[in-house]
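Please walk through this structure with me, one region at a time. Keep the model open as you read.

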Amino acid sequence: MRLGDLVQVRYMEQVEYLGMGMEEPVIHWTPPYLGILYETPDMGKDCVWRMWCFAREAGHILSPQKDRIEVISEANTGY
């Protein structure tokens, strides 16, 4: 992922454990949110993955280790 990419993100909404054993949890995900990456960790020491969400008209912090993130279209930034 890089600055300006169009991404689709689904956030972990709920985790259910179906019993007392060691079964795998059932994870529920939010509907997808579309947005543009406007901050990346390589922009500075206090920067993180952030996208502008079109649906919510707000910035979202992304957690690549936790969220389902799909790059829909890569930015053409001339690099």
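Strand 5 and strand 6 (residues 58–61) run antiparallel and are joined by 4 bridges. This is a predicted model. The hairpin of strand 5 and strand 6 has 4 residues between the strands. Within that hairpin, E57 adopts a positive phi near 50°. Across the pairing, C53 has A58 in strand 6 as its bridge partner.

Now look to the other neighbour. Strand 4 also pairs with strand 5 in the antiparallel sense, over 4 bridges. Here G35 stands opposite C53.

Next, the two faces. In a regular strand, side chains alternate between the two faces of the sheet. Strand 5 (residues 50–53) has M51 and C53 on its covered face. R50 and W52 make up the uncovered one.

W52 leads on to the surface. Together with L34, Y38, F54 and I72, W52 forms a nonpolar surface patch. The patch has about 470 Å² of accessible area in total. I72 comes from strand 7 (residues 68–73). I72 counts as partly exposed because its relative accessibility is 41%.

Back to strand 4, for the aromatic rings. The structure holds 1 aromatic pair. Its members are Y11 and Y33, in a tilted arrangement: 5.9 Å centre to centre, with 50° between the planes. The pair links distant parts of the chain, 22 residues apart. Y11 sits in the loop between strand 1 (6–10) and strand 2 (12–16), whereas Y33 belongs to strand 4 (residues 33–39). Are these residues buried or exposed? Y11 is buried because its relative accessibility is 15%, and Y33 is buried because its value is 13%. The cut-off for buried is under 20%.

Conventions. Residues are numbered from 1 along each chain as its sequence is written. This is a predicted model: local features need pLDDT of at least 70, side-chain atom pairs count only at pLDDT 80 or more; totals for chains, interfaces and linings use all residues. Side-chain values use heavy atoms; hydrogens and water are left out. Patches are made of residues with over 30% relative accessible area and no salt bridge: like charges are joined within 9 Å, nonpolar side chains (Val, Leu, Ile, Met, Phe, Trp, Tyr) within 5 Å. Accessible areas come from the Shrake-Rupley method with a 1.4 Å probe; for residues, only the protein chains shown count as cover. A salt bridge is a side-chain nitrogen of Lys or Arg within 4 Å of a carboxyl oxygen of Asp or Glu. Helices (H or I, at least four residues) and strands (E, at least two) are DSSP runs, numbered from the N terminus. Buried means under 20% relative accessible area, exposed over 50%, partly exposed in between (1.4 Å probe, protein chains only). Rings of Phe, Tyr and Trp (its six-membered ring) pair if their centres lie within 6.5 Å; planes under 30 degrees apart count as stacked, over 60 as edge-to-face and the rest as tilted. Two strands pair if DSSP finds at least two bridges between them.
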